[in-house]
Structure formats: C-alpha cells, structure tokens
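Subject: Structure handover

Hello,

Here is the structure I promised to pass on. Please open it first, then read my notes below.

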Amino acid sequence: RMASTAAGKQRIPKVAKVKNKAPAEVQITAEQLLREAKERELELLPPPPKQKITDEEELNDYKLKKRKGFEDNIRKNRTVISNWIKYAQWEESLKEILRARSIYERALDVDHRNITLWLKYAEMEMKSRQVNHARNIWDRAITILPRVNQFWYKYTYMEEMLGNVAGCRQVFERWMEWEPDEQAWHSYINFELRYKEVDKARTIYERYILLLVFSLKNWIKYARFEEKHGYIAHSRKVYERAVEFFGEEHVDENLFVAFAKFEETQKEFERVRVIYKYALDRIPKHQAQELFKYYTMFEKKFGDRRGIEDVIVSKRRFQYEEEVKANPHNYDAWFDYLRLVENDADPDTVREVYERAIANIPPIQEKRHWKRYIYLWINYSLYEELEVKFDRCRKLYEKYLEFSPENCTTWIKFAELETILGDMERARGIFELAIGQPRLDMPEVLWKSYIDFEIEQEEFGNTRNLYKRLLQRTQHVKVWISYAKFELSIDSSDRLQRCRQIFEEANKSMRNCEEKEERLMLLESWSDFEKEFGSDTTMERVRNLLPEKVKKRRKLTAEDGSDAGWEEYYDYIFPEDAANQPNLKLLAMAKMWKRQQIVEEDKDVPEESPSAEETTSPASSDEPAAPPENMAEKNDSDRNTASETEQEKTYDDRDDDDDSSSSSSESDSNDENDGGKEVKEKKENKSGDEDKD
C-alpha cells in the first residue's frame with residue numbers, strides 16, 4: 001500500500017491543452033447563469049416543516065419560545081421600534097390585548113415621539129373596539145405631538161364614524177387652536193357642510209381668512225362657497241373685501257378674474273367691464289396677461305365693437321402707464337398717453353394725467369428737456385380751451401409764465417389763445433409783456449410772431465413801429481430784409497419807394513458791420529429786388545456797390561505764442577469803403593510792376609504786346625516799367641480813369657494765382673533796385689495792416 005501510495009504521488013495528471021483559443025460562437029454570461037438557476041429553482045430551499053400543536057402544553061411552550069425570542073431581540077437593541085411593533089402585533093394576533101398594550105406602553109417609554117408607534121397602538125385599540133382606550137391614546141398623542149396632522153385626522157375620523165358629532169367638533173376646535181395648514185381648515189368646513197351647518201362653516205371661513213389673510217385662493221374659495229349656497233350678496237361682499245384688503249400693493253390678476261367671472265354668471269355685464277378696467281389700471285403689464293385674455297373673451301361674447309376697442313385702448317393705456325412709471329421724465333410717452341386719454345376718457349381723468357405729467361420737472365437745465373416739458377403745459381392749455389371750454393386755460397398760462405417767464409413758446413401760445421377768442425387787445429398786451437421780459441430763450445421767434453400778428457390784423461403802422469423797435473435792438477440783416485419784404489408786400493402806390501428806402505438805410509447802417517457776409521447778403525437781396533422792380537440805372541447803382549472777393553494772408557500764432565505760419569482767407573472789399581481804396585490801388589500797381597520786371601528779365605522772349613487786362617491798367621504798355629513811387633505820384637485824374645472793372649480783373653487775377661502775396665514778396669526780396677525795395681516796404685506795411693485787421 002505504501003508503494004502504491006508513493007507511486008501515486010509520482011503520477012501527475014496531464015493538463016489538457018487548449019488548441020483552439022478562439023471565442024465560442026455562443027457566449028454565456030454570468031447573468032444568464034443566474035437567470036437559468038432561478039428558473040430551474042436550483043437554489044430554493046424547501047419550506048420549514050409545519051409544526052402542529054395538539055394540546056395546551058405545547059401551545060404554552062410555543063408561546064414561551066416566541067416571547068423569549070422577542071424579548072431577546074428587544075434586549076439586544078431597545079431603540080429598534082420595529083421589534084416592539086412585531087412583538088405587540090404577535091400578541092395581538094393571539095388575542096392577548098393586555099400583553100400587547102403592555103408592550104406598546106413599554107415601547108412608548110423608549111421613544112414616545114415615534115409617530116408609527118402611536119398609530120399602531122391606537123389602531124389596535126380601535127380594532128379591538130376599545131373606544132375609550134383609543135380616545136385616551138389619541139388624546140395623549142395630540143398632546144405630546146400636536147403638529148402631527150395625522151393624529152388629528154384619525155381622531156376626528158374615529159369620532160365621526162362613531163356618530164359623536166359634538167365630540168368630533170370639539171376635537172376640530174382643539175385642532176384649530178394650533179393654527180394648522182389650509183387642509184385642516186377645509187376639513188373642518190367640509191365636516192360642518194356634511195351636517196348642513198352653513199352658518200358654522202361661514203364662521204370658520206371668517207376665522208380662516210383672517211388667520212391666513214395673504215392667501216388669495218382662500219378668499220376666492222370663501223366667495224365661491226357663498227355663491228354655491230345661493231348667498232350672492234355675501235359672495236360679492238367677500239370679493240369686494242378681498243380687493244380692498246389687498247389694495248394696490250399686493251393686487252393679483254386672479255382675484256379680478258374670479259370676481260369678473262362671478263359677475264358674468266350673474267349677468268352683470270357692466271360690473272364686469274368696470275372690474276376689468278379697474279384691474280388693468282392698477283396691475284403691471286407683465287402680471288396681467290390672463291386678465292387681458294379674459295377681458296377680450298368677455299367683450300367678444302357680450303360686447304360690441306366699441307367694447308372691443310375699449311379693450312385695445314385699455315391695453316395701450318396699460319403700456320403707457322408702465323412706461324411712465326419706469327421713467328417719469330419720458331415726455332414722449334406722456335404725450336402718447338395724453339393723446340390716448342383725450343380721445344377716450346372723461347375730462348377729470350385727462351386732467352389727472354396732465355397733472356401727473358407736469359409734476360415731473362426736468363432734473364437738469366438743458367433746453368431739449370425743457371422744450372418737451374413746456375409743450376405739456378401748452379397742450380394742457382389747448383385741451384382746456386378747445387375741448388372742455390373752461391376759463392381755467394388762461395390761469396394755466398398765467399401760472400406757467402410765473403414759473404418760467406423766459407419761455408417764448410408759452411407767450412406765443414397764450415397770445416394765440418386770445419386771438420382765437422377774438423380779444424385782439426389782450427393778445428397785443430401779452431405780446432408787449434413778452435418782448436419786455438429781460439431774458440428770453442427765443443426772442444427772434446417771439447418778435448416774428450408779434451409782427452405776423454399785426455400783419456394778420458392789417459395794422460401796418462403798428463408793424464412798421466415793431467420793425468423800428470426791433471432794429472433799435474439788433475441790426476441783423478434778416479430783420480432789414482424782412483422789413484423790406486413787408487413794405488413790398490403792402491398794396492400801395494409807394495411800396496417800391498419805401499422798400500428801396502429801407503435798403504438804402506440798411507446799407508448805410510451796415511457799413512461799419514464786421515460781418516461782411518451779412519452786408520453782401522443785403523446787397524444781393526437788394527440786387528434781386530432791383531432786377532424785378534427797378535430800372536437799369538438803379539440796377540447799375542446796386543451793382544457798383546457789390547464788393548470784390550480778395551484772397552489774403554494772415555499770420556497764425558500757436559497757443560504757446562510761437563509762430564504757426566500763415567493762413568489764406570477771403571475778404572470782401574466794398575467800393576464804398578474809402579479806407580480800402582488806397583490799399584486796393586497799391587496792390588494793383590504792385591502786381592503790374594512785378595509783371596513788368598518779369599518781362600524785362602526774360603531776354604530770350606520778345607516783348608509781347610500788352611494784354612487786355614494791362615491796357616485797362618493805369619500804366620501804358622508803350623511806356624517803360626515805372627517804379628511804384630512814380631506810379632503812386634500820378635495825378636488824380638489818372639486814378640479816376642481806372643474803372644471798377646479794372647479792380648475786378650486785377651483781383652480776379654489774384655484769385656487765379658496760387659499765392660500772389662507770397663510770390664510778390666519773394667520777387668521783391670530778389671530785386672536790388674531802389675524801386676523794388678520801396679515796393680517791398682509798402683507791401684510789408686500793408687501786410688502788417690492786414691495782420692492787425
């Protein structure tokens with residue numbers, strides 16, 4: 001045997017080698033193995049054998065064994081309430097109520113705040129029809145844990161099932177003292193309604209809405225309760241109380257929708273419209289989408305075309321209210337809002353909106369803001385005047401002018417009001433007060449309106465006086481031109497003479513005007529007048545007054561005082577200005593002398609015949625080039641023979657040159673003769689005079 005054993009140890013079984021290591025076509029997973037094992041019930045253990053108890057001794061032994069097992073589990077972990085409940089339920093199954101009650105009491109000593117333990121304990125007493133014991137348990141439970149609504153529900157349900165209505169009501173009252181949630185109150189109300197106690201249910205509702213005042217749906221439920229039981233007046237009163245209670249701060253669209261639907265069921269269609277409009281005036285737009293929806297549906301069902309338009313107007317008014325609340329200084333939104341209410345609202349509503357608008361004074365002193373604000377007052381006055389026909393329109397103008405007397409637009413509108421009313425003297429007095437103000441924002445507009453007013457009244461004498469008074473304050477060219485056009489517009493025999501006389505006066509008064517463009521504008525307007533109404537003589541006279549356009553240079557100085565170079569500019573030289581005549585002739589002779597010097601230096605080119613421009617100059621082409629001092633010493637008759645056309649052409653040539661003054665200065669610096677030096681000195685003197693100008 002030992003040899004065989006030794007031989008057996010030496011024998012090592014051969015391990016089969018896997019030749020094909022490719023995966024099988026059918027793969028078996030662990031989940032599949034477990035599923036097959038369950039299907040074949042390979043792991044199911046057979047049930048324990050049933051123990052049959054044949055006598056009382058065996059039963060006592062069984063009870064003792066089970067009780068010992070439950071007690072051991074409780075001793076191991078007293079805080080596991082499930083062990084206590086299983087123990088008590090086992091005793092209950094054996095009809096051992098006293099033992100089960102004892103187990104529950106022991107468990108409550110361990111954890112008296114366990115809700116499940118109380119519920120199982122009370123349910124056991126109710127199943128065993130131990131009513132007083134059950135009441136005792138419920139009283140203890142609601143005393144220890146009053147916020148557990150499940151105890152109250154079970155307690156009231158038990159009392160109601162027993163037919164103890166008074167006791168059930170008493171339990172509800174005890175419950176309401178703890179101010180429970182909404183469902184508890186509704187359970188109490190439904191309890192009273194099951195026994196037709198409507199008055200008591202109403203009393204509960206009153207207590208309930210006063211306790212939970214900010215719960216909107218409770219107000220609506222209360223109103224529907226009254227409506228359901230036929231108390232229409234009470235229901236309407238509840239809705240009105242809710243609207244008054246929530247006010248404008250906590251207003252909600254659902255309240256108004258419910259109120260409107262209630263009135264709609266009562267066929268009170270006018271009330272419905274009033275409710276919807278009232279709500280739309282007070283609820284923000286983003287919170288009133290459902291309100292607009294139901295309002296539109298109502299008008300489509302019961303309203304006419306006017307009613308549907310009211311819905312649209314209300315929606316637009318709502319939008320404008322949102323805009324002006326967001327930005328009270330958005331005057332464009334106020335204008336649109338006022339235009340809307342003027343067409344569809346009563347005068348009191350329009351005045352209320354106007355008063356709200358004018359209360360928003362611009363916060364900064366900028367003309368663009370005040371200009372929009374002023375038109376609010378003007379439109380307010382026009383509304384009172386044209387639409388309402390009240391005398392308070394004048395008071396509005398007077399009130400605003402006391403606030404802002406420099407506003408010309410308000411003065412003009414006030415005068416227009418009096419003109420429309422036919423009181424011309426009052427309108428004229430308003431204009432006189434206006435132009436007498438020490439400070440005005442647009443005086444030119446005010447004077448023009450006053451002049452137009454007198455022209456419309458055909459008071460030409462007053463108009464002339466106004467023009468004369470205005471010219472005493474300003475010598476603006478537009479005033480002179482307007483004065484001349486006014487005289488021309490009058491249908492009289494001497495209108496041309498009067499107009500020409502005004503142009504003469506204007507030309508004389510503007511000789512010392514620094515703005516030469518305005519003087520040129522006057523002469524051009526005079527020239528247009530003479531072309532249309534004058535003769536050749538008058539036209540020639542005005543033409544001789546027109547200035548020459550001359551290019552000049554002036555020295556520029558930087559901010560630090562350094563030399564910044566030269567700048568070219570255009571100037572106008574009027575023939576009537578005697579001070580400009582010597583300079584003009586000096587410039588013309590200097591230019592001619594420069595050209596003569598250029599011709600003499602050019603020896604290769606033969607001397608050309610004098611041009612047409614040179615033939616008109618004071619120096620003859622046959623004579624040799626004269627120095628400037630000889631030219632300046634010519635007699636007065638030669639100077640007078642130089643016509644105005646000569647000056648025009650001379651300065652037209654100056655305009656064609658790129659830099660005539662600079663080129664003249666450069667040629668003078670290169671010339672070494674005495675005449676050139678003198679010309680250079682004279683030109684420098686002239687340039688200095690120009691710099692001074």
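Buried residues make up 37% of the 693 residues in the chain. Please keep in mind that this is a predicted model.

**Overall picture**

The chain has 36 helices and two strands. Its accessible surface is about 43,000 Å². Carbon and sulfur atoms account for 49% of that surface. I also looked at contacts between residues at least 6 apart in sequence. Of these, 51% join residues at least 24 apart.

**The cores**

Start with the largest nonpolar core, which has 77 residues. Which of its members touch the most others? They are Trp138, Phe151, Tyr239, Leu255, Phe256, Ile283 and Leu291. Helix α14, residues 253–265, gives the most to this core. Its share is seven residues.

There is a second, separate core of 73 residues. Among its members are Leu340, Ile374, Met442 and Leu446. As background, nonpolar side chains tend to be buried together in soluble globular proteins.

Now zoom in on Leu291. Leave out residues up to four places away in sequence. Leu291 then touches Glu253, Phe256, Val257, Tyr276, Ala279, Leu280 and Ile283.

**Two helix pairs**

Take α7 (residues 131–144) and α8 (residues 149–161) first. Their axes come within 10 Å and cross at roughly 150°. Angles over 145 degrees count as roughly antiparallel, so α7 is roughly antiparallel to α8. The crossing is left-handed.

Which residues meet between these two helices? From α7 come Ala134, Arg135, Trp138, Asp139, Ala141 and Ile142. From α8 come Phe151, Trp152, Lys154, Tyr155, Met158 and Glu159.

The crossing of α23 and α24 is left-handed.

On the α23 side, the residues are Met424, Ala427, Arg428, Phe431, Glu432, Ala434 and Ile435. They meet Leu446, Trp447, Ser449, Tyr450, Phe453 and Glu454 in α24. Leu446 also belongs to the second core.

Ser187 sits in helix α10, residues 182–194. Is Ser187 buried or exposed? Its relative accessibility is 15%, so Ser187 counts as buried. Ser187 touches Tyr153 and Phe172, with residues up to four places away in sequence not counted.

Thr409 is in helix α22, residues 408–420. Thr409 is buried, with a relative accessible area of 15%. Setting aside neighbours within four places in sequence, Thr409 is in contact with Tyr375, Ile378 and Met442. Met442 is one of the residues in the second core.

Phe246 lies in helix α13, residues 232–246. Phe246 has a relative accessible area of 9% and is buried. Leu216 is 30 residues away from Phe246 along the chain. Their C-alpha atoms are separated by 8.8 Å.

Glu540 is in helix α29, residues 536–545. Glu540 is partly exposed, at a relative accessible area of 36%. Glu540 and Ser527 are 13 residues apart in sequence. From C-alpha to C-alpha, Glu540 and Ser527 are 9.3 Å apart.

**Two loop residues with positive phi**

Where is Lys95? Lys95 is in the loop between α4 (81–93) and α5 (97–110). Its phi is positive, about 65°, although Lys95 is not a glycine. At 70% relative accessibility, Lys95 counts as exposed.

Glu458 is in the loop between α24 and α25 (460–473). Phi of Glu458 is near 60°, again a positive value in a residue other than glycine. Glu458 counts as exposed, at 59% relative accessibility.

**Where to look**

Move on to where α7 meets α8. Then go to where α23 meets α24. End at the loop that holds Glu458.

Best wishes

Key: Residues are numbered from 1 along each chain as its sequence is written. This is a predicted model: local features need pLDDT of at least 70, side-chain atom pairs count only at pLDDT 80 or more; totals for chains, interfaces and linings use all residues. Side-chain values use heavy atoms; hydrogens and water are left out. A nonpolar core is a set of buried Ala, Val, Leu, Ile, Met, Phe, Trp, Tyr and Cys residues joined through side-chain atoms within 4.5 Å. Buried means under 20% relative accessible area, exposed over 50%, partly exposed in between (1.4 Å probe, protein chains only). Helices (H or I, at least four residues) and strands (E, at least two) are DSSP runs, numbered from the N terminus. Contact means heavy atoms within 4.5 Å. Accessible areas come from the Shrake-Rupley method with a 1.4 Å probe; for residues, only the protein chains shown count as cover. Axes are lines fitted to C-alpha atoms, for helices over the stretch in contact, and angles run from 0 to 180 degrees between N-to-C directions. Angles under 35 degrees count as roughly parallel, over 145 as roughly antiparallel, 65 to 115 as roughly perpendicular and the rest as oblique. A crossing is left-handed if the near helix is turned anticlockwise from the far one by less than a right angle, and right-handed if clockwise.
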